[in-house]
Amino acid sequence: MKKVPEILTLEEIKKEDIPSVGGKGASLGEMYGIGLPVPRAFVVTAQAFRKFLGETGIEERLFAGLANLNVEDNAALEEASRKARELVLSVGIPQHLQKKIREAYGELGSELVVAVRSSATAEDLPDASFAGQQETYLNIQGNGDLIHSVQRCWASLYGARAIYYRAKQGFDDRSVNIAVVVQELVEAKKAGVMFTSHPVTGEPLTIIEGSWGLGEAVVSGSVSPDKYVFDLRSGQVIDRLISAKLEMVVPDGKKGTKTIEVPGDMQKAPVLTDAEVKELARFGAIAEGHYGVPQDLEWAITGKDFHILQSRPITTIRAPVQGKPAAAAAGKVLVEGQGASPGIGSGHVAIIRDIKDVGSVKEGDILVAKMTNPDMVPAMRKVAAIVTDEGGMTCHAAIVSRELGTPAVVGTKKATSVLRPGQVVTVDGEKGLVYEGKTVAPPQKEKAVAAVAAAPLITATSVKVNVSLPEAAARAAATGADGVGLLRIEHLILGLNKTPMWYIRNRKEEEFINELAGGIRIVLDAFPGKPVWVRTLDAPTDEFRNMAGGEDEPHEHNPMLGWRGIRRDLQSPDQFRLQVEAFKLLWKAGYSNLGMMFPMVSHPDEFIQAKQMMRGWGVDVENVTLGIMVEIPASAILIEDFIKAGIRFASFGTNDLIQYTIAVDRNNENVATMYKPKHPAVLKTIDDTIRVCRRYGVECSICGQAGSDPEMAEWLVEHGISSLSANIDAVAKIRDRVARTEQRMILEAARRVHAREGVQ
Ligand code: PEP
Ligand code: MG
């Protein structure tokens, strides 16, 4: 065995020292070397362990007891393991080794409270991982306890599980050693884990989970931690989910830890400030930059001090099985649908068959329903993931989940019948899969973009964001989007739980106007000076029916083709007027960035009539920004006439434009595979419309789901679109793709000029 001292301090450890200090020890040394705030530590090396075995004369007896063991014979395995551990604990550690351990401990500060962690290692196979099979002792204090804990770590190398694993992996017990990391146990006031990049998409989004007390509660999953998402590009926290943190792990003042209840006032209080999230993300970026792949870090904060306890590549969480999809490696797939909101969530299934079931949904559950509706939004806020039988990428569940940042799978057809209440499942909102049990995040296929904070991307094509819930405005703004390309007010109105007609009938018009203006104002305030296009009401009759005042809603054969959008407002002047009054309030209050967008227009006369009505209600229609959604093919065909009628902008509502162009119901899971955003007829319609808008200098945008698809964004930029509006979760990747496409187009143009000049 290589000659290495019995003790190594963090400063002395290099990457190549894995055979001596184990993976854990080497990683700490490396982290220390790149400037991460690692708690002070030293390692009792594998060489010390082998000296112990040799000098105490137990080595041969130990290995003889393990030789020829049939590990499949449980009783024999347990017996051999017990004997081996007893043997290791039966002899004293030689005095000279004890002295070295005591001296190293004294350097840290005698009486310092430390964690004593095993770090097993195979001499000839430094990459072998034995993580989690040997013991860790927390809250150790004083020479006696320390020496004893080191010995117990050594003995844990012969636990039954560890012996079994080595035998199955073909490791000779003699070739496997153990190092012991002795590290200051920071008395964390708060602690948790961090993914330096998005564990599924690899986007430069740092995801931090944290809770009160030591990190064990988060790592073991015994507490629902707070979750923070930090965008490394904009340098801002773009999402925070504050959970009710009911318990915490703290040192018990003796030899271990204990779990106590979190004091009431701290349970729902955020664990981290934005500044702390930023600082943690900075350490994450250092680690990822150094290792070259996204890292899974453990962190702790004591008072003002930050500590990084561990860093390991996310890709080692679970290696992909060669030739099989990640799904196979993650466990049994129970149901499959469309990945509607990215992210992974595990929890207990809570099936909502009736709205009265909503009360039983608990924090961290998996909400399973035929389809979600506005009454469920409060429950949707607290769950770990959402799964529906029905719907597509643009259904209520999909839109709201994306805004809440909750993973969702829609259109599974059978989740409510296949999944059982209380069953533990894992939802992959990217791939559209629901697995049995709690699984870890699938590995990334490719190395993510290095997550060092880059300068914000400036694109000539504006990249805006879609918003539906005012509460999502701050998250939306934190993406750095160039404005709001679509604010759907129906979620706001549906959230009031009373139809506009109810307010009219009950003479509560003022209340409605103020509610609506108040909700819109929250979004306007989040985007000062940036355009915010607010769409007038576009709720199909079936969504109104459950609300107070919705009793008389007509039963329509196909609500998608029915009484919705501008056509309903024009026939219900009172309903339209209330909305216009809310807009008027805001324009009057100086929000000149507020634009009004009409949905479902099919004829320029509808636009002209809406303007006339507004003029009648005192709006200076020529001096406010009015535009239309292009979501019925008729409006694309007649776009020139709309421009002549005075629209200032047009925005493709591809969710509807696709369904009306190729006659495929966007919410019908039976025809979901036929719903083709890149159908040539759709692309031709869009291309023709953009050309006309460009000819007249009218802003042409997109706010349908297709605008959140990077490939489509590239195509749209190439075809001259002036702006795009994406979902909150997609803004960053769309901005990236837009910037890249623009750069490529500039480069190609320059090359063409160059080539021409070369010829002349
Ligand atoms: C669309 O149709 O693309 C759109 C954005 O509107 P909605 O999804 O609300 O119908
Ligand atoms: Mg639409």
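Q: How far is an oxygen atom of ligand 1 from an N or O atom in the side chain of R666?
A: Heads-up: this is a predicted model, where local features need pLDDT of at least 70 and side-chain atom pairs count only at pLDDT 80 or more, while totals for chains, interfaces and linings use all residues. Residues are numbered from 1 along each chain as its sequence is written, chains are lettered from A and ligands numbered from 1 in the order written, and side-chain values use heavy atoms, without hydrogens or water. A polar contact takes a pair of N or O atoms within 3.5 Å. For R666 and ligand 1, the distance is 2.7 Å.

Q: Which residue has a backbone N or O atom 2.7 Å from an oxygen atom of ligand 1?
A: R488 uses its side chain, with an N or O atom 2.8 Å from a ligand oxygen. The backbone atom at 2.7 Å belongs to N655.

Q: Which element gives the largest share of the shell around ligand 1?
A: Helices (H or I, at least four residues) and strands (E, at least two) are DSSP runs numbered from the N terminus. Two elements give two or more residues each: β23 (484–488) and α25 (654–662). The largest share, three residues, comes from α25.

Q: Which are the edge strands of the open six-stranded sheet?
A: Strands pair if DSSP finds at least two bridges between them. The antiparallel order is β9-β8-β7-β6-β12-β13. Pairing on one side only are β9 and β13.

Technical notes
A polar contact is a pair of N or O atoms within 3.5 Å; within protein, one must be able to donate a hydrogen and the other to accept it, and residues adjacent in sequence count only if both atoms are side-chain atoms.
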